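User: I have a structure open and would like to go through it with you. Can we start with the strands?
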Amino acid sequence: MNVPSEYFVALSAVLFGLGAVGVVLRRSAILVFLSIELMLNAANLAIIAYARQWSATGGAHALEGQGAVFIVLAVAAAEVAVGLGILVAIFRNRVTTDVDQLSEVRA
Amino acid sequence: MIETGLNSITVVALAPLVALVGAVVNGLIGRGIREPVTGIIASVATGAGFVLSLWAFFAYPADAEGYRYVFAEFLRAGTLSVDLGFAIDQLSLVMCMVITGVGFLIHVYSIGYMKGDSGHARYFAQLNLFVAAMLVLVLADSFPLMFVGWEGVGVCSFLLIGFWYQQRDNADAARKAFIVNRIGDVGFLLAMFLTFQVFGSLDINTVTQAAPGVAFGSAALVGIGLLFLLAAAGKSAQIPLQLWLPDAMAGPTPVSALIHAATMVTAGVYLIARTGPLFAQAPAAAATVAWIGVLTALIAAIAAFAQTDIKRILAYSTISQVGFMIAAVGAGAYWAGIFHVVTHAFFKALLFLGAGSVIHAMGGEQDVRRMGGLGKRMRVTGTTSLIATLAIAGVPLLSGFFSKDAILHGTLTSPLLADAAGPLLFALLLMTAVLTAAYMFRWYYLVFAGEERLTPEVQEKVHESPAVMTVPLVILAIGSVLAGYLGIQAFLGRNLIAEWLAPVTAALDFEHLSLGAEWALIVASALAAFGGLAIGYWVYAVGKGRVAKRLDDTPIAPLARSGMGFDAVAQAVFVRPGESVAQGLSVFDRDVVDQGLVAAGGAVGLLGRLATLWQTGYVRLYALSMLAGAVVVAAIALFAGALR
């Protein structure tokens, strides 16, 4: 069975859109994070899909897309570690993770 | 002859240096020196200059063509090369002796006059600096170096007119003198440029020797001549730049004597005498010089009648007398012009110092209407002033008679003036001579003779000045009598000054008069003097000035009082438009430039405030912006890709 790449890319777009909407609309910092992860993985999915298509045509760089995905995964993991650390610190100080209440800039 | 070492002639080159040292000593450490000492230092410095001048004078071979003492290179640029050197010849030696000799007496007098003034060190430093600059002016062998001295005397004049700068009027007078002088300086500069273009050199000797080779009456020479005339008019207070001199009386009286009577104002006469060969080739320029001189002499003489300030009368008299000198050098009678410089230096310095002695005695009073009868109370001042008055009036056997007669003779017989112009100028000068005698009689009568019109408090304190002031008066009075015998008309005896100056002044063919005409001329100038004195006696002593008062209702009186309205014209033509332009510029600056800058600053602030609206602090808004940005970038990429 050969699923066409368009399906993967379409799914990736839907996931990315969901993530973007989540980042903008959600107020809980945890859920914003979650949405960001969703966007990252949507991007990963698109990359993987193109890499698969590339290798199916016998391209010389078949593995490069998959390597890139691994790097994105690693960076995302690191980012989550740092981000969660920051979140915990903010929560300790403020007892909230509502990003709208974190605003301190006043014109 | 170029000399590089010091010998008994080039020793005069040290005179400016000595004066400069005096200025530096008084200027730098004078504050720490007690009062009479500063004056003594300054007097010694100037006196030393006089000794050096005399030394060079007696060592100087009478027929020599002039010595050059070159000690350094001044400028070199392209084909222009100017040496730093002094030209020592008959003309510059005469000027040096006048400057340092009369200057020395005025320095000594100043010790008494400036007694008790807290600025005495500054005063004597500036006085010495002036002497140094003036000596550089007359000794310079090139136009640029002469210009250095020229500017130097201008600066010192400015400083000394504004010596009591705490009073606004004095500072204004100083600025006026400086600005008007600058106009003349522009003439000097332009003349230098034109000279370099025509002759390719700025060396005075080279230029004057090359002058006869240039086409007779060529436009370039006339241009140079007229520009030098403008320069001379600035320094010598000739029409239309005579405006500054009456106001220059704001300075201390010895300054008026030294700078604004005896020396600086003769710089223009010296300049034209020095560049005589140029004028000999350009009769149009020479005739203009003569006309300017004569008109100035006449107009200033009329203005002198209407003045009531003891010094302003003398100031107009100075303008008038310098007009005589300018007329002489314009007519090509260079020796007569320089001769009048010498005699005038004596009697005019004496008149000013006499006036200073009166002002000193009266505690600052300068209005002749509140004087009178002072001759009895101040015997020495009165007697010496009488001698000076008679000398300037041109009474026979006193110095002014001989020099004025020489000038009249020169204008009548001048080869540089057209046939009709010579006698016309002669007639105008003769008339001015009559006026001179009359207004000087008025001056003397109102101050020293007639009834006393002193205020009671002044009456008590009037006293003769101390010896340090009266001795210079006596010496100057002797000079005022004897200086004339240097220049007796050639048919009566040896004309020492004409013979002495002959090797260095342009040789012109003056018309020869018959013996009868010569005698007629002498009688005419004697009659002018006595006639003028008689008119003065009749109007002011017998008529008690009633005739003059009747003139008060005519337009002449206010015109004469204001110096013939030149100030008003200058005010209307130059000062007001200048002020309007300045006002307009200031409005433009305030309303356009300043407002524009303020507005631009405000616009930036507004832009900043607009940008801060974006910075709400809401993370989700930032995220949305980022997203929107990314969408826009992606759209552009897509669009551009589609285009490709």
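Analyst: Nine bridges join β2(B) to strand β3 (residues 80-88) of chain B, and the two run antiparallel. Keep in mind that this is a predicted model.

User: Which residue in β3(B) is the bridge partner of B:Leu75?
Analyst: The partner of B:Leu75 there is B:Val82.

User: And how many residues sit between β2(B) and β3(B)?
Analyst: Two; the strands form a hairpin. B:Gly78, in the turn, has a positive phi of about 60 degrees.

User: What about β1(B), how does that run relative to β2(B), parallel or antiparallel?
Analyst: Parallel. Strand β1 (residues 2-3) is joined to strand β2 (residues 67-77) by two bridges. B:Glu3 has B:Tyr69 as its bridge partner in β2(B).

User: OK, zooming out. How many helices and strands does chain B have?
Analyst: Chain B comes to 27 helices and three strands. Its C-alpha trace spans about 115 × 65 × 55 Å along the principal axes.

User: How much of chain B is buried?
Analyst: Buried residues account for 51% of its 644 residues. As for contacts in chain B between residues at least 6 apart in sequence, 82% of them join residues at least 24 apart.

User: Switching to B:Thr100. Where is that?
Analyst: B:Thr100 lies in helix α3 (residues 90-113) of chain B.

User: Is B:Thr100 buried or exposed?
Analyst: Buried, because 29 other C-beta atoms lie within 10 Å, and the cut-off for buried is 20 or more.

User: What is B:Thr100 in contact with?
Analyst: Leaving aside neighbours within four places in sequence, the contacts of B:Thr100 are B:Ala15, B:Thr46, B:Gly49, B:Phe50, B:Ser53 and B:Val131. B:Met264 is 164 residues from B:Thr100 along the chain, and their C-alpha atoms are separated by 12 Å.

User: Another helix, then: how far does α8 of chain B reach?
Analyst: Helix α8 (residues 219-236) reaches 25 Å from its first C-alpha to its last. That is close to the 26 Å expected for its 18 residues at 1.5 Å a residue.

User: Why do we say α8(B) is largely enclosed by the rest of the structure?
Analyst: Because 13 of the 18 residues of α8(B) are buried.

User: And what follows α8(B)?
Analyst: B:Ala237, with a positive phi near 55 degrees.

User: Last topic. How many residues of chain A are in contact with chain B?
Analyst: 10 residues of chain A are in contact with 11 residues of chain B. On the chain A side, seven of the residues are nonpolar, one is polar and two are charged.

How values were computed: Residues are numbered from 1 along each chain as its sequence is written. Chains are lettered from A and ligands numbered from 1 in the order in which they are written. This is a predicted model: local features need pLDDT of at least 70, side-chain atom pairs count only at pLDDT 80 or more; totals for chains, interfaces and linings use all residues. Two residues are in contact if their C-beta atoms, placed from the backbone, lie within 7 Å. Ala, Val, Leu, Ile, Met, Phe, Trp, Tyr, Cys and Pro count as nonpolar, Asp, Glu, Lys and Arg as charged, and the others, Gly among them, as polar. Helices (H or I, at least four residues) and strands (E, at least two) are DSSP runs, numbered from the N terminus. The expected span of a helix is 1.5 Å times one less than its number of residues. A residue is buried if 20 or more other C-beta atoms lie within 10 Å of its own, exposed if 12 or fewer, and partly exposed in between; C-beta atoms are placed from the backbone. Two strands pair if DSSP finds at least two bridges between them.
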